[in-house]
Amino acid sequence: MAMIQLQPAFKDYLWGGTKLKENYNKQTDLDIVAESWELSVHKDGASVVADGPYKGLTFPEYLEKKGKSVLGTDCEKFDRFPILIKFIDALQPLSIQVHPDNEYALRVEGEYGKTEMWYILDCEPDSFLYFGVNKAISKEEFRERIENNTLLEVLKVVPVHKGDVFFIKAGTIHAIGAGIQICEIQQNSNTTYRVYDFGRVGKDGKPRELHIDKAIDVSNLTPIESDFKPCGPRIEDGEAETVMLATCEYFTTFETTVHGKVTIDVDESSFGSIIVVEGECVIRNEGDTIHAKKGDSIFVDAGSGAVEIEGNCQYIYTCE
Ligand SMILES: [Zn+2]
């Protein structure tokens, strides 16, 4: 068996909602699901194999068992699994935060930095997010505005719509606003430096920790282009339409809409991840079949060959 369906690890952070349970078929006893980690080897929440001969193994255990070749030759440059894919449901805004790059994170935190991509699954009308600064500021002004609660005045507000894509390079100050559901494809890292939390308190009644000095070290304090468009043309291929959303050193991501049938060639160079974001489909590879629906996550070993997807659906495909 060269493809597996995964069950996520769940996070009930205080800003989360119930949409992942209601609209994305996520089953858990938690009241709130802020995040579901759909493709994760991370120690803070690994995905688990849902079915088949490897059922019950954590995703890192599955990779250990099958050997490094299932990641593909393009992953040989990494000493660990390079990405993490999650769903996020922000009922309330997330904290204003920033992530370090690889060099800083490996030196200071002992893990990868974090460049991430957001695909807007759905959102309330008039939703927005914060993306970088709206004018150049100095490190001194940054610190001052964190201390006197005026940081929001210098952050760039960007409206969002279903299907929008944002690429957040390490060092970009950002926050997901209220009423937004996201599929996030990111480097395999959980290092976040929180700089402002809207005066909220955590479950223990105390304000959550801020990481101001580290945030000042790593933040890009000049405005950057936030009008990020999918980086490839739309390619029609019979019954499917595909567009490349983003590509970087760590991942390449496509959005495909199928009405009928499409075949992906998963060759030796990389694993494939299929995240179904609308509709239902049947996925076939060498005699194996998975019935998948909105919210499901499927991992395909490198070298699996032709993977056929049939149905009426939309999915996000990620490879190295
Ligand atoms: Zn982030």
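**The zinc site and beyond**

Modeller: Along the chain, the donors of the zinc ion follow the spacing Q-x1-H-x16-E-x57-H. Donors here are N, O and S atoms within 2.8 Å of the metal (3.2 Å for Na, K and Ca); water is not among the atoms, so sites may look incomplete. This is a predicted model: local features need pLDDT of at least 70, side-chain atom pairs count only at pLDDT 80 or more, and totals for chains, interfaces and linings use all residues. Residues are numbered from 1 along each chain as its sequence is written, and side-chain values use heavy atoms, with hydrogens and water left out.

Biologist: Which residues coordinate the zinc ion?
Modeller: Gln 97 (OE1), His 99 (NE2), Glu 116 (OE) and His 174 (NE2), at 2.1 to 2.8 Å. Glu 116 sits in strand E7 (residues 116-123) and His 174 in strand E11 (residues 174-176). That pair is 58 residues apart and links distant parts of the chain. Strands (E, at least two residues) and helices (H or I, at least four) are DSSP runs, numbered from the N terminus.

Biologist: Are Glu 116 and His 174 buried or exposed?
Modeller: Glu 116 is buried, at 1% relative accessible area. His 174 is buried too, at 2%. Buried means under 20% relative accessible area, exposed over 50%, partly exposed in between (1.4 Å probe, protein chains only).

Biologist: What about the geometry of the zinc site?
Modeller: Irregular, with angles of 83 to 168° among the four donor atoms. Four donors count as tetrahedral if all angles lie between 85 and 135 degrees.

Biologist: New topic. Which residues of helix H2 are buried?
Modeller: H2 spans residues 59-66, and its buried residues are Phe 59, Tyr 62 and Leu 63. They cover an arc of only 95° around the axis, so they lie on the same side of H2. The arc is that of the directions from the helix axis to the C-beta atoms.

Biologist: And which exposed residues are on the face turned away?
Modeller: Glu 64 and Lys 65.

Biologist: What follows H2?
Modeller: Gly 67, with a positive phi, near 90°.

Biologist: What covers the buried residues of H2?
Modeller: The cover includes strands E1 (3-7), E3 (35-39), E4 (48-49) and E19 (297-300).

Definitions and conventions
Contact = heavy atoms within 4.5 Å. Tetrahedral: all angles 85-135°; square planar, octahedral: opposite > 155°, others 65-115°.
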